[in-house]
Amino acid sequence: MKKSTLLMSLALFAGTLCGNAATVTTSVMDANTEGSLMKIIADTPNGTATTIDFNFDGTELVLPEGIDEMDLIGKVISFDGMNKKNNTPVILSSVNRLFKMGAESDITFKNLKFTGCKNIVMTVTGTAKMTMTNCEAYNNKDVDKKVNSAVIRNTGGTVHIHQCY
């Protein structure tokens, strides 16, 4: 009895450490389409550690016009942007912004390219934590500051950037 209780406890603990995983399988950007980045983000429960990877035909995901940004407030997500289908980094673009992070967000971006944003790439506010590793940002603007390749507007969060350009 004690052994089975201990094994059950260890299994639950290991599951908590591993968190959830989801794979983007389509380049369609729609909150109602299975396998789309927007649906995966929307379905990710706040506070649940989730790893999102990519395995779709194509190289770019474009946030549709009319959608200001994807809301990551409260999310704990690690994005691994190396597309398994073609072994290239995924390109994320938008006519506005891509992401908004705030209270309780803990977001990691790895191996992604951010481009075409006309109003910076992302905002980091409050107690949010954001890490970028091996990412590239180009052809983005901060309309408030008129800066090319603007990536982050940080108004209180913690930001770590490693090997990005």
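Glu136 is in contact (heavy atoms within 4.5 Å) with Leu112, Lys113, Phe114 and Tyr165, leaving aside its neighbours within four places in sequence. This is a predicted model, where local features need pLDDT of at least 70, side-chain atom pairs count only at pLDDT 80 or more, and totals for chains, interfaces and linings use all residues. Residues are numbered from 1 along each chain as its sequence is written, and side-chain values use heavy atoms, with hydrogens and water left out.

Glu136 sits in strand β12 (residues 136-138). Strands (E, at least two residues) and helices (H or I, at least four) are DSSP runs, numbered from the N terminus. Glu136 counts as buried because its relative accessibility is 18%. Buried means under 20% relative accessible area, exposed over 50%, partly exposed in between (1.4 Å probe, protein chains only).

Next comes the core. A nonpolar core is a set of buried Ala, Val, Leu, Ile, Met, Phe, Trp, Tyr and Cys residues joined through side-chain atoms within 4.5 Å. The largest one has 35 residues. Leu37, Phe54, Phe79, Phe99, Met101, Phe109 and Phe114 touch the most other members. Helix α2 (residues 37-43) gives the most to this core, four residues. Leu37 reaches Val24, Met29, Ile52, Phe54, Leu61, Met70, Phe79 and Leu92 by contact, leaving aside its neighbours within four places in sequence.

Now the sheet. Four strands form an open sheet in the order β4-β7-β10-β15, with parallel pairing. Its edge strands, β4 (70-71) and β15 (152-155), each pair on one side only. Two strands pair if DSSP finds at least two bridges between them. Strands β7 (residues 99-101) and β10 (residues 122-125) pair in the parallel sense over three bridges. Lys100 stands opposite Thr123 in β10.
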